[in-house]
Every structure is written in C-alpha cells, then in structure tokens.
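Hi,

Here is the structure I promised to pass on. Have a look at it first, and then read my notes below.

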Amino acid sequence: MYEAEAPVNIALVKYWGKRDVSLNLPTNSSLSVTLETCTSSDLQLVTRTIVEPHHEDSVILNGVESAPNERIKRCLKYLRSIADFPCVKVRTENMFPTAAGLASSASGYAALVTAISGMIPLDANQKSIAARLGSGSACRSLFDGFVLWESGIQTDGSDSISKSIIAPGHWPELCCLVLILSAAEKAVSSAAGMERTVHTSELFPSRLEKVPDHIAHLLRAIEQRDFSKFAELVMRDSNQFHAVCMDSYPPVFYLNEASRTVIHLVHGYNRENVRLAYTFDAGPNAFIFCLEAELQSAKELFLSQIPGLATSNIVECRVGRGAH
Ligand code: 2P0
C-alpha cells in the first residue's frame, strides 16, 4: 500500500489556454504558490490518496467507485511506459468540496503520481509530466513554495515541466486566506472554458504577449518580499484572466456577486496603502494574500462584510511544501 498527500496550489500568473488539448500543453507558462493549510479544522486543502495492487485499475473518489476516466488512463499509461507496475485500486479523498474552484484536480493528480512513485522510480520531471497529463495545474502541486510551470516549445511536451523556484521559507510572513464563497460545481469546466477562450477571445493573444513580463515582475517582487508590488501584479493577472473569460464567446463567468464584493472590499481597504491582494481561479472562491500582521483585521473585514460568510468557510494557509 502506498500513500501520498498533495496540497492545492493557487496560480499567481494563470494557466489559461492549451496548445495541445490531449497532452495538456499550455499556451503560456504559469507561476503558482503551493498552499499549506494551517487551521486545524476538518477542512484541509489537500487530497489524500492510497494505491494498492488490484485485479484491475479502479478509482474510489470520496467513497464512490468508478472505472478510471480518460485523464487517469492517460496518466497511468505514461507511468507504465517508464516502468511497468500492476493494476491498482486508487482510493482518494479530497478534504474540501470537489470542483468548487479549489483545484481538486491539481491536488488529486499530484497525489496519485506521488503515491505511484512509491511503486516505481520516477524523477521530478517524469512526475511533473505524469501529473500534467492528468490535469495541467497538477504538475505545480508536486513542488514546494513558489512554482514555475514552463510552457515549453516541444510538441511532445518533454520540456513542459514545473519546478520549485523559491522555497517556502523565503517569505514566512506571507499568508493566504481562502474564502469559500460557494461549494457549487462550476457550470463551465476549465478545459471547456480554455478551449472557448483560445478559439474566440480577441483579447487572448495580447494576454499571451504580456504573460512573460507578469512572471518576471512577480518573481522580482517575491524575491524582494515587496508586498505592494506583489499584490498589484497578482490582482491584475487574476482580473486579466477573468477578462479573457468574459471576452470569450459565449462569455464564461466564474466570479459571483460575493467575489465582486471581495474585490471592492480589498480595493477599499488598500486605499492608503496596499495590504491585501485577491486572486480567483475558475470559480467564485477568493484567495486573499496578506502579511501576518494584517491577518486578523482581514478576517474581520470579510466576516463582517460578506453576507453568510462564517469562520468555518475561511481556510488559513501559508506557503508550503508540495506533494509527499
Ligand atoms: C491555473 N486554472 O493556473 C488556472 C487558472 C484555473 C484558472 O489550471 O484541463 O484543471 O486539467 O489542464 O488545470 C484549472 O485548469 O485544467 C487551472 P486541465 P486545470 O491554476
């Protein structure tokens, strides 16, 4: 029996768009931070997975058994091309709502690949490729701290690899509050949304030109621990990603009324100086960054201003380690 646990990651510069749909090869590089939950509630932003030899490949996700889907098959096929291993029963549990814009596929495939790395020898690049074949953003959840996923240029994806570029200990005061504003499943999957954007958004090519600068500037802000620069770049990239979603045709909306309230609250709070940053994935839930000194007042702000938000819907995280 082989066990693994993988955290979620949140993109600071978003992956949105594929140059190869079947290999999950992205149109642009992305930069993320791996999140480690530090509240001791039932809600932990991790996936726990156990694999064991079985007479056929099967998956039990949150207690429900099914045959492996195409993505899992693709991932297992690649892993078996490196070194053969028997059929497996995969038992996997998300310790948070599945498909609620909380990147469950990222932690899920990172946990699967890490559990299988107990059965066969895999180097970091092979793990990254295997996780990416399951779900693009999963290759980032394998690694610690701030993680860069390089888009690569090869058509086989051999150079579309992620790696840790800044260790978690570099910026210990950086906190992330995850505000769970809705646990509902999204109406348009990320894969479908990306495809629509690539084929229909007129703004999208101009985003692709800007992404390398976003990444370079953000890396400099992180290296210098410059929170206000970091915050502006993170909020701008999130807004641009949602703008190209809205520029797709028909438009794709991932934010809801509560998400927009969060955006207004953050800009109001930042009027004198920039102390909070928001970013949103393909869903309405908010990821709020701040420094430790600001944490309590940030929580009070959202609890008092977002209707229905309770302490139990806020998950406090730090920059953490990847799958293990
Ligand atoms: C990201 N997202 O960089 C971006 C930002 C959502 C918004 O990666 O089809 O589940 O499995 O490769 O990784 C979500 O897309 O898509 C995602 P697939 P994935 O985190």
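Serine 135 has a side-chain N or O atom 2.6 Å from an oxygen atom of the ligand. Keep in mind that this is a predicted model. How much of the ligand does the protein cover? On its own the ligand has 470 Å² of accessible area, and the protein covers 94% of that.

There are 18 residues around the ligand, and the ones that come nearest are Tyr15, Lys18, Arg71, Ser135 and Ser137. Sorted by class, this shell has seven nonpolar, six polar and five charged residues. Helix H5 (residues 190-200) gives the largest share of the shell, with three residues.

Now for the domains. The assignment for the protein chain gives domain 1 (2-166) and domain 2 (174-319). Which of them supplies the ligand shell? Both do, since the shell draws at least three residues from each of domain 1 and domain 2.

The two domains also meet each other. Taken over C-alpha atoms, the centres of domain 1 and domain 2 are 22 Å apart, and 37 residues of domain 1 are in contact with 47 residues of domain 2. For domain 1 and domain 2, the area buried between them is about 3,400 Å², with 76% of it on carbon and sulfur atoms. On the domain 1 side, Leu12, Lys14 and Trp16 lose the most area to domain 2, and together they make up 24% of what that side buries.

Two spots in the backbone are worth a look too. Most residues other than glycine have a negative phi, and most peptide bonds are trans. Tyrosine 249 and proline 250, however, are joined by a cis peptide bond, with omega at about -5°. You will find proline 250 in the loop between helix H7 (227-247) and helix H8 (257-269). The other spot is asparagine 24, a residue other than glycine with a positive phi, near 50°. Asparagine 24 sits in the loop between strand E3 (18-20) and strand E4 (25-26).

Cheers

Key: Residues numbered from 1 in each chain as written. Predicted model: local features only at pLDDT ≥ 70, side-chain atom pairs only at ≥ 80, totals over all residues. Heavy atoms only, no water. Near = heavy atom within 4 Å. Polar contact = N/O pair within 3.5 Å; in protein donor to acceptor, adjacent residues only side chain to side chain. Areas by Shrake-Rupley, 256 points an atom, 1.4 Å probe, with all protein chains shown as cover. Helix = DSSP H or I, 4+ residues; strand = E, 2+ residues; numbered from the N terminus. Nonpolar A, V, L, I, M, F, W, Y, C, P; charged D, E, K, R; others polar. Domains from an automatic or database assignment. Contact = heavy atoms within 4.5 Å. Buried area = accessible area lost by both parts, 1.4 Å probe.
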